[in-house]
Amino acid sequence: MPTVRDLLTALQQIAPESLAEDWDNVGLLVGDPNQQVTSILLALDPTCSLIEQAVSDSYDLVITHHPLIFRPLRAIRTDTPSGRFIATATSHRIGVIACHTNLDSIQGGVSDYLAQSLGLRETRPLTITEKNCGSDCGIGRIGHYASPVSAAAFLDQIKTVCNPPWILEAGPRPDSVTIVALCGGSCSDLADTALNAGAHVFVTAEVKHSVACWAADAGLWLLDAGHFATENPAMLFFRDTLRKEAENRGWNLQVDVACQQPPLRLV
């Protein structure tokens, strides 16, 4: 039976912590590295309902994309969501690991999986990470379709793959789309990089007002499909990757993905 430490070693093969951005906080955030693990619950967000599900269904380890502890904590108060999460995890001996920008950067990671799901070809990172991991690692992806698709057909693809509660757009909508740049999560700062790389559209989330204004003037079709919607599809791929890694190591390990909903909704 593997320990939390063994899982950290396995994750290093999938999404090395060294690939995380300097501002990020990944790895084991709560728990004992020597604790044995029989079941893992994966999720995008470390919410209180997630840790309650982990307790209810007797999971030993929770792995989230977004870190439970992102900035230094000055106190752990159980009348706050993060304090309640930590207290619940520790009292039930549930480890908590974050795989964030290290999972974003890898081939098969959040943006790479989104690009594959949209059917893009010859994808490459939108920005190469300076982490000595080769040309396949980096934030975002850019690729192309074998033949142009209409803007309406591309929007249908986004709806099918991401199931977003909304799609916001800025900039002129082109007649057709061949080159697509994307970055799951909040990456509107890369809009000019996408334009300079020749993208006909850039898909991301949490687009800033100033970037939306810039896209209109610059002539880039910019789509905001939601932070949750552009990242959550990759959790199923992450589950399958972790299951395969466990099988290769001879571990009898249950790995599941929690069913989460976008925290924001249209009214």
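Residues are numbered from 1 along each chain as its sequence is written, and side-chain values use heavy atoms, with hydrogens and water left out. In this predicted model, local features need pLDDT of at least 70 and side-chain atom pairs count only at pLDDT 80 or more, whereas totals for chains, interfaces and linings use all residues.

The protein chain is divided into two parts: domain 1 (4–103 + 231–257) and domain 2 (106–225). These bounds come from an automatic or database domain assignment. The C-alpha centres of domain 1 and domain 2 lie 28 Å apart. Contact (heavy atoms within 4.5 Å) involves 15 residues of domain 1 and 14 residues of domain 2.

The size of an interface is often given as the accessible area lost when the parts come together. Here, domain 1 and domain 2 bury about 1200 Å² between them. This buried area is the accessible area (1.4 Å probe) that the two parts lose on being put together, summed over both. Carbon and sulfur atoms carry 68% of it. On the side of domain 1 that touches domain 2, helix 4 (101–105) and helix 10 (234–248) are the elements that give two or more residues. Helices are DSSP runs of H or I with at least four residues, numbered from the N terminus.

Between the domains, the count of salt bridges is zero. A salt bridge requires a side-chain nitrogen of Lys or Arg within 4 Å of a carboxyl oxygen of Asp or Glu. One residue pair is in polar contact across the interface, with both residues at pLDDT 80 or more. A polar contact is a pair of N or O atoms within 3.5 Å; within protein, one must be able to donate a hydrogen and the other to accept it, and residues adjacent in sequence count only if both atoms are side-chain atoms.

By the salt-bridge rule, the count comes to seven. Among them is Asp79 with Arg77 (2.5 Å, N to O). Arg173 also pairs with Glu169 (2.9 Å, N to O). Arg173 is partly exposed at 45% relative accessibility, and Glu169 is partly exposed at 41%. Buried means under 20% relative accessible area, exposed over 50%, and partly exposed in between (1.4 Å probe, protein chains only). Arg249 forms a salt bridge with Glu245, the closest N and O atoms being 2.7 Å apart. Arg249 is partly exposed at 32%, whereas Glu245 is buried at 17%.
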